[in-house]
Amino acid sequence: MKIAVITSSDRAYHNIYSDQSGPAIQELFKQHNPSWQIEYRLLPDDFDLLCAAFHDASSCDWIITTGGTGISPRDCTTEATRQFCTHEIPGIAEYLRQESRKETLFAVFSHSFAGYRGKCILVNFPGSLAAATYCTKLLLPLLEHGSKMIHGGDH
């Protein structure tokens, strides 16, 4: 399986602080299955750059984003994801929000999105280390089945 992890953060991109969520997601994927190919990109909160990165990574089975899913003025990951995807998978975003709310009431402010284009599934995670780690652990059991389904396999 090939997975792209894309962090959207102005502050991490401009070295105000280091990106912790993107590398943590990568590490969890590697621990789960060392044979998976994981790509990583760090971008600012920029709609056009995110859309271009999604197109660049569209040969991946999954694109996982972290950051840019809140309600601050610069958060645009969800909008870029909606622009890229041709179909929505509401159950994934609903599941991640519902389970995350058990950890923090502030999960209600996430407007993350999940969908697909072609054979590539894209899912948005929040940008905090705790939330990104939690969402990765929730999504891990779904990755292989989702990939099989989108490629027409038995389900």
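# Briefing on helix packing and selected residues

Thr 136 has its place in helix H6, and in this predicted model the residue is buried, with a relative accessible area of 0%. A search of the whole structure for disulfides finds zero of them.

**Helix H6 against helix H2**

- H2 and H6 pack with their axes 9 Å apart and at an angle of about 30°, an angle that makes H2 roughly parallel to H6.
- The crossing in which H2 passes H6 is right-handed.
- On the H2 side the contact involves Ser 21, Ala 24, Ile 25, Leu 28, Phe 29 and His 32, and these meet Leu 129, Ala 132, Thr 133, Thr 136, Lys 137, Leu 140 and Leu 143 of H6.
- Sorted by class, the residues of this contact between H2 and H6 are eight nonpolar, four polar and one charged.
- Once its neighbours within four places in sequence are left aside, Thr 136 is in contact with Ile 25, Leu 28, Phe 29 and Phe 125.
- Ser 21, which is found in helix H2, is buried as well, with a relative accessible area of 3%.
- Leaving aside neighbours within four places in sequence, the contacts of Ser 21 are with Thr 7, Thr 66, Gly 127, Ser 128, Leu 129 and Ala 132.

**Helix H6 against helix H5**

- The crossing of H5 and H6 is right-handed.
- H5 contributes Ile 92, Tyr 95, Leu 96, Glu 99 and Ser 100 to the contact, while H6 contributes Tyr 134, Cys 135, Leu 138, Leu 139 and Leu 142.
- The contact of H5 with H6 has, by class, eight nonpolar residues, one polar residue and one charged residue.

**Helix H3 against helix H4**

- Helix H4 covers residues 77–84, and the axes of H3 and H4 come within 9 Å and cross at roughly 45°, which makes H3 oblique to H4.
- H3 and H4 cross in a right-handed manner.
- The H3 residues Phe 47, Leu 50, Cys 51, Phe 54 and His 55 meet Thr 77, Glu 79, Ala 80, Thr 81, Gln 83 and Phe 84 in H4.
- Divided by class, the residues of the contact of H3 with H4 are six nonpolar, four polar and one charged.
- His 55 is found in helix H3, which covers residues 47–56, and at 41% relative accessibility this histidine counts as partly exposed.
- Apart from its neighbours within four places in sequence, His 55 is in contact with Phe 84 and Arg 117.
- Between His 55 and Gly 115 there are 60 residues of separation in sequence, and the distance between the two in space is 14 Å, C-alpha to C-alpha.

**Cysteines**

- A disulfide is a covalent bond between the sulfur atoms of two cysteines.
- The search of the whole structure finds zero disulfides, and Cys 51 accordingly is in none, the nearest cysteine sulfur being that of Cys 76 at 8.2 Å.
- Cys 51 is buried, with a relative accessible area of 13%, and it takes part in the contact of H3 with H4.
- The sulfur of Cys 135 lies 16 Å from the closest cysteine sulfur, in Cys 85, which is too far for a bond, since a disulfide here requires the two sulfur atoms to be within 2.5 Å.
- Cys 135 also counts as buried, at 2% relative accessibility, and it is one of the H6 residues that make the contact with H5.

**A loop residue with positive phi**

- Most residues other than glycine have a negative phi.
- Asn 15 is not a glycine, yet it has a positive phi of about 55°.
- Asn 15 is found in the loop between helix H1, residues 10–13, and helix H2, residues 21–32.
- With a relative accessible area of 67%, Asn 15 is exposed.

Technical notes: Residues are numbered from 1 along each chain as its sequence is written. This is a predicted model: local features need pLDDT of at least 70, side-chain atom pairs count only at pLDDT 80 or more; totals for chains, interfaces and linings use all residues. Side-chain values use heavy atoms; hydrogens and water are left out. Buried means under 20% relative accessible area, exposed over 50%, partly exposed in between (1.4 Å probe, protein chains only). A crossing is left-handed if the near helix is turned anticlockwise from the far one by less than a right angle, and right-handed if clockwise. Helices (H or I, at least four residues) and strands (E, at least two) are DSSP runs, numbered from the N terminus. Contact means heavy atoms within 4.5 Å. Ala, Val, Leu, Ile, Met, Phe, Trp, Tyr, Cys and Pro count as nonpolar, Asp, Glu, Lys and Arg as charged, and the others, Gly among them, as polar. Axes are lines fitted to C-alpha atoms, for helices over the stretch in contact, and angles run from 0 to 180 degrees between N-to-C directions. Angles under 35 degrees count as roughly parallel, over 145 as roughly antiparallel, 65 to 115 as roughly perpendicular and the rest as oblique.
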